[in-house]
Amino acid sequence: MTATLFSLTFAVAAPFWALMILLPRWSWTARIIASPLIVLPVVVIYALLVLPAFGDVLPAVTSPTLAGVRDLLGTSDGAAAGWAHMIAFDLFVGRWAWLDSRERGVPALVMAPVLLLTILLGPLGLAAYLAVRARWRRPAAVATGPQHLG
């Protein structure tokens, strides 16, 4: 079952990445990516991997040591859970960057490599987006929020 869950992890996330990278201007992409629930399938896989081993996982994450984390991730179950953890957070960060880039007017051709970097090397993709987003300011109406009339 672990190998199947490992294989499913990226498979359930890939359609959302494809929408953001390949179809960024399609109206359905915006509707779908607007929901933070797009990460839920990966979170379910993560839960299926972690909850049965919770007794081993909890001590390793509440008092982490290099040896303890190595031992936890050095099993098939641990590696699959680590992969699901990374895919879930990478997708959440990619979703945030994609939504934020649309508000700022960052061109899709600029975002495509940033999103690819986020898929492959999550934190470096985040760093790349933080550098990119500094060049594009939010429109004033979005930055200040709705005005209160009263």
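**View 1. The salt bridge between D71 and R70.** D71 pairs with R70 in a salt bridge, with 3.2 Å between the closest N and O atoms. A salt bridge here is a side-chain nitrogen of Lys or Arg within 4 Å of a carboxyl oxygen of Asp or Glu. Side chains of opposite charge can pair when their charged atoms come close. D71 is partly exposed at 48% relative accessibility, and R70 is exposed at 53%. Buried means under 20% relative accessible area, exposed over 50%, and partly exposed in between (1.4 Å probe, protein chains only). By the salt-bridge rule, the count comes to three.

The model is predicted: local features need pLDDT of at least 70, side-chain atom pairs count only at pLDDT 80 or more, and totals for chains, interfaces and linings use all residues. Residues are numbered from 1 along each chain as its sequence is written, and side-chain values use heavy atoms, leaving out hydrogens and water.

View 2. R104 and D100 form a salt bridge with an N to O distance of 2.8 Å. Both residues lie in helix 6, four residues apart, about one turn of the helix. Helices (H or I, at least four residues) are DSSP runs, as are strands (E, at least two), numbered from the N terminus. R104 is buried at 14% relative accessibility, and D100 is buried at 3%. D100 also forms a salt bridge with R133, where the closest N and O atoms are 2.9 Å apart. D100 is in helix 6 and R133 in helix 8 (residues 122-133), so this pair ties together parts that are 33 residues apart in sequence. Through shared partners, D100, R104 and R133 are joined into one network.

**View 3. The surroundings of S101.** S101 is part of helix 6, which covers residues 76-104. S101 is buried, with 1% relative accessibility. Apart from its neighbours within four places in sequence, S101 is in contact with V106, M111 and Y129; contact means heavy atoms within 4.5 Å.

**View 4. A nonpolar surface patch that includes M1.** M1, L37, L40, V43, V44 and L48 make a nonpolar surface patch of about 580 Å². Patches are made of residues with over 30% relative accessible area and no salt bridge, with like charges joined within 9 Å and nonpolar side chains (Val, Leu, Ile, Met, Phe, Trp, Tyr) within 5 Å. Accessible areas come from the Shrake-Rupley method with a 1.4 Å probe; for residues, only the protein chains shown count as cover. M1 lies in the segment before helix 1 (2-22), and M1 is exposed at 71% relative accessible area.
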